[in-house]
Amino acid sequence: MGRFKLIFIMLFFALVLAACSSSDEASGEAKESESTESEAGDGSEESNEPATIEVTDAHGTVTVPVNPENVVALDNRTFETLADWDIELAAVPKPIMSTDSPYVEDENVEDVGNHGEPNLETIAAVDPELVIVGQRFSGYYEDIKELVPNAAVIDLNIDVSEEADAGDNLVNGFKDTTLTLGQIFDKNEEAEELTAELEQAIENAESAYNEEETVMSVIVSGGDIGFSAPSTGRVWGPLYDMFGWTPALEVEDASTDHQGDEISVEAIAQSNPDWLLVLDRDAPISSLTDKVPAQDVIDESPALQNTIAVKEEQIVYAPTDTYLNESIQTMIELFDNLANSFAE
C-alpha cells in the first residue's frame with residue numbers, strides 16, 4: 001500500500017502542476033491579448049487628428065476643418081504655398097494668377113474670375129468646406145459667407161495700412177498666414193521651414209545694406225515709372241521700415257496705388273539714388289498685349305542714366321511674377337536678391 005500511495009501522491013502533484021501551468025499560460029495569453037489591444041487602441045488614438053481647429057483671421061476666430069475637401073483659394077499670397085504642398089483646389093481667380101500656376105493650367109479647377117467682376121456663384125457651385133479670402137478679394141468676405149453658410153470662410157489679408165508698423169505687420173502677416181495654412185493642411189513642418197527661411201532672408205538683407213546709401217523704389221506700368229513711397233508704396237513700401245532703408249526721396253500724401261504715385265522722371269533723377277528698386281507690374285499680366293519690359297523703360301530713360309544707381313548698375317528687379325504672386329516664397333526670393341545685390 002505504501003508504494004501505491006506514493007504513486008498516487010506523485011500523480012496528484014503532477015496533475016496540479018499541469019493545471020497551474022495551463023492557467024498561467026492562459027493568463028499570459030490573456031494579458032498579451034489585452035496589451036496588444038491596448039497598444040492598438042493607443043495607436044489609433046495617436047493617429048486620429050482633430051477634425052477641426054480654431055483659426056484666428058482678420059475678423060476673429062473661425063472653426064476650420066483639418067485637411068478640408070473642396071477648397072476655394074482667392075488670396076494671391078497663398079497660391080504658391082498651396083501648390084508647393086500639392087493641395088488640391090476646387091476654384092481660384094485665374095485671371096489674376098501667374099499663368100504658370102498649376103491651378104491655372106488645370107481645367108478641373110473652376111475659375112472665379114477677376115476680383116473686379118467675380119463670379120461668386122462659382123464658389124457656391126463647388127460646395128466648398130473652406131474658402132480662403134484675402135488681398136484683392138478681402139472686400140467680398142461678407143458676401144462669400146452669406147453665399148456659402150455651411151463653409152468655413154477665413155480672411156488672411158495682411159494689413160500694412162499703419163505706416164509706423166508696416167514692416168512688422170508684413171512680416172508677421174506672412175508668418176501667421178503660413179503657419180495657419182500649415183495647421184489646416186497638416187503641413188506644420190513645411191510651414192515652419194518657410195517661416196525660418198523668411199527670417200533668415202530678412203536678416204541677410206538687413207545686414208548687407210549700408211544705411212549711408214539711399215534707396216528709390218518704383219513701379220513700371222504701361223511704359224511709365226511710378227513712385228513706390230516708403231511705408232505706403234506697393235510691395236516696396238513696408239520694406240523701408242523692415243530694413244531701415246534711407247529713402248532718396250519722400251513726398252507728401254503718398255498712396256498704395258498699384259501703379260505707384262505719379263512723379264516725374266526728372267524728380268527721380270534729381271534725387272540721385274544709390275539704389276533703384278523696380279517692380280514690373282505688367283510682366284505677369286497675360287491679358288496685356290502691349291507690355292514694355294521695366295528694364296527697357298529704365299534703360300531707355302535719358303534722365304536716369306546719370307544717376308549713381310544706373311551708372312553703378314545698382315538696380316534690383318523684383319521677381320517677374322511679384323505683382324500677382326506676393327507669396328512668402330516670392331518674398332524670400334526678393335529678399336535674397338536684395339541681400340546678394342547689397343553685398344556686392
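**Entry 1: terms and ground rules**

I call a residue buried under 20% relative accessible area, exposed over 50%, and partly exposed in between, using a 1.4 Å probe and protein chains only. Helices (H or I, at least four residues) and strands (E, at least two) are DSSP runs, numbered from the N terminus. I am working with a predicted model, in which local features need pLDDT of at least 70, side-chain atom pairs count only at pLDDT 80 or more, and totals for chains, interfaces and linings use all residues. Residues are numbered from 1 along each chain as its sequence is written, and side-chain values use heavy atoms, with hydrogens and water left out.

I looked up strand E7, residues 152-155. Both of its faces are covered. Ala-152 and Ile-154 are buried on one side, Val-153 and Asp-155 on the other. I noted the general rule: in a regular strand the side chains alternate between the two faces of the sheet.

Next I checked pairing, which needs at least two DSSP bridges between two strands. Strand E6 (residues 130-133) pairs with E7 in the parallel sense over 4 bridges. Leu-130 stands opposite Ala-152 in E7.

**Entry 2: a hairpin**

I moved to strands E1 (residues 52-57) and E2 (residues 60-65). They run antiparallel, joined by 6 bridges. How many residues lie between E1 and E2 in the hairpin? I found 2 residues between them. Ile-53 stands opposite Val-64 in E2.

**Entry 3: the whole chain**

Of its 344 residues, 46% are buried. I count a contact when heavy atoms are within 4.5 Å. Among contacts between residues at least 6 apart in sequence, 60% join residues at least 24 apart. The chain exposes about 18,100 Å², and carbon and sulfur atoms supply 45% of that area. Accessible areas come from the Shrake-Rupley method with a 1.4 Å probe; for residues, only the protein chains shown count as cover.

**Entry 4: confidence**

I then checked pLDDT, the predictor's confidence in each residue, from 0 to 100. The chain has a mean of 87, and 82% of its residues reach 70 or more. Where pLDDT is low, the predicted coordinates should not be read in detail.

**Entry 5: cores**

I take a nonpolar core as a set of buried Ala, Val, Leu, Ile, Met, Phe, Trp, Tyr and Cys residues joined through side-chain atoms within 4.5 Å. The largest one has 59 residues. Ile-132, Leu-239, Trp-245, Phe-335 and Leu-338 touch the most other members. Which helix gives the most to this core? Helix H12 (residues 328-343) does, with 8 residues. Apart from this core lies another, of 21 residues, including Ile-96, Leu-120, Val-133 and Ile-285.

**Entry 6: helix H12**

I listed the buried residues of H12, among them Ile-328, Met-331, Leu-334, Phe-335 and Leu-338. The buried residues of H12 pack against helix H2 (79-84), H6, helix H7 (188-208), H8, strand E12 (275-280) and E13. Leaving out residues up to four places away in sequence, Phe-335 touches Leu-198, Ala-201, Ile-202, Ala-205, Leu-239, Met-242 and Phe-243.

I checked helix length too. The expected span is 1.5 Å times one less than the number of residues. H12 has 16 residues, so it should span 22 Å, and its end C-alpha atoms are 22 Å apart, which agrees. Helix H6 (residues 166-184) has 19 residues, so it should span 27 Å; its end C-alpha atoms are 27 Å apart, which agrees.

**Entry 7: Thr-195**

I found Thr-195 in helix H7. Is Thr-195 buried or exposed? Thr-195 is buried, because its relative accessible area is 9%. Beyond four places in sequence, Thr-195 is in contact with Lys-175, Thr-178, Leu-179 and Ile-328.

**Entry 8: positive phi**

Most residues other than glycine have a negative phi. I looked up some with a positive one. Ser-231 has a phi of about 75 degrees. Ser-231 sits in the loop between strand E9 (224-227) and helix H8 (237-243). Ser-231 is buried, with a relative accessible area of 10%.

Glu-313 has a phi of about 55 degrees. Glu-313 is in the loop between helix H11 (308-311) and strand E13 (315-317). Glu-313 is exposed, with a relative accessible area of 69%.
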